Amino acid sequence: PTMRTRTLRLALPLLTGLMAAASPLLASAQAWPSAKPITLVVPFTAGGSVDFSARLVATRLGEPEHAAQLTEVALARARTIGAVKPLVTALASVADHCIQLCDLERGRALCEECSRLATTIGLGSFVGTSQYLLGIVCVLQGQWDAALAHAEAAMRSYTAVGQPAHTSKVLALRAQVFAAQARFDDALQDLQLAHLHCERVGDHRRCTRLRQARADVLRQRGD
């Protein structure tokens, strides 16, 4: 046998023993993510490439709480540094996670701060994002007129900066408000427009969700 074969023969029993010894540890570790929070500390400026990559990692962990902890770190660093654009980015991210975790009042406050700062420095896309998130907060709180006003503001902001791809989510939000107000024809029209936007950009997953939303509206209308 060659040297490589002899090495493998010696290594296999050792590897088998290590796997056997580790199996109880692996079994007990399976419950760890749900029993203990994960905190990712990013020692770089918020809004940079490292920060963006870390956000992707946190999102892939699959639980909003984990990504929320990461964005809190980014927000704290952005406030310390004092740079407005990274702060606006962090505010939008933390607000989004607060809303996902049903901390609506904090989410609202962060969205309002984000909108003010983004307006000050002319970041129209973040004005649109903050207004869209405020619309979601209002929907969750049953404030339909306010939700509609925020959706309209988001639509204007996205249109002004030439980001029609974002309008589909605003149309879907507005359709939800129209359906709650029993304005079913308006809701169906917005859902159709949103579906056309998503088809144009090839967002098949969102298209599926919009078709489901349309079916829900039709059921509410009694069709």
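## Helix pair α6 and α7

Axes here are lines fitted to C-alpha atoms, for helices over the stretch in contact, and angles run from 0 to 180 degrees between N-to-C directions. In this predicted model, helix α6 (residues 104–121) packs against helix α7 (residues 124–140) at an angle of about 155 degrees, and their axes are 8 Å apart. Angles over 145 degrees count as roughly antiparallel, and α6 is therefore roughly antiparallel to α7. The crossing of the two helices is left-handed.

On the α6 side, the contact is made by Leu104, Arg108, Cys111, Glu112, Cys114, Ser115, Ala118 and Thr119. On the α7 side, Phe126, Val127, Ser130, Gln131, Leu133, Leu134, Val137, Cys138 and Leu140 take part. Sorted by class, the contact of α6 with α7 has 11 nonpolar, four polar and two charged residues.

## Helix pair α8 and α9

Helix α8 (residues 144–160) and helix α9 (residues 167–180) cross at roughly 160 degrees, and their axes come within 9 Å. The two helices are therefore roughly antiparallel to each other. The crossing of α8 and α9 is left-handed.

From α8, the contact involves Trp144, Ala147, Leu148, Ala151, Glu152, Ala154, Met155, Tyr158 and Thr159. From α9, it involves Thr167, Lys169, Val170, Leu171, Leu173, Arg174, Val177, Phe178 and Ala180. The class count for the contact of α8 with α9 is 13 nonpolar, two polar and three charged residues.

## Aspartate 190

Aspartate 190 is a residue of helix α10 (residues 184–201). Its relative accessible area is 3%. Buried means under 20% relative accessible area, so aspartate 190 counts as buried.

With neighbours within four places in sequence left aside, aspartate 190 is in contact with Leu171, Arg174, Ala175 and Phe178. Among these partners, Leu171, Arg174 and Phe178 also belong to the α9 side of the contact with α8.

## The protein as a whole

The secondary structure comprises 11 helices and zero strands. Along the sequence, the pattern reads α-α-α-α-α-α-α-α-α-α-α. Of the 223 residues, 37% count as buried, aspartate 190 being one of the buried residues.

Contacts between residues at least 6 apart in sequence include 51% that join residues at least 24 apart. The accessible surface comes to about 12,900 Å², and 60% of that surface belongs to carbon and sulfur atoms.

Definitions and conventions:
Residues numbered from 1 in each chain as written. Predicted model: local features only at pLDDT ≥ 70, side-chain atom pairs only at ≥ 80, totals over all residues. Heavy atoms only, no water. Helix = DSSP H or I, 4+ residues; strand = E, 2+ residues; numbered from the N terminus. Parallel < 35°, antiparallel > 145°, perpendicular 65-115°, else oblique. Left-handed = near helix turned anticlockwise from the far one by under 90°. Contact = heavy atoms within 4.5 Å. Nonpolar A, V, L, I, M, F, W, Y, C, P; charged D, E, K, R; others polar. Buried < 20%, exposed > 50% of the residue type's maximum accessible area, 1.4 Å probe, protein only. Areas by Shrake-Rupley, 256 points an atom, 1.4 Å probe, with all protein chains shown as cover.
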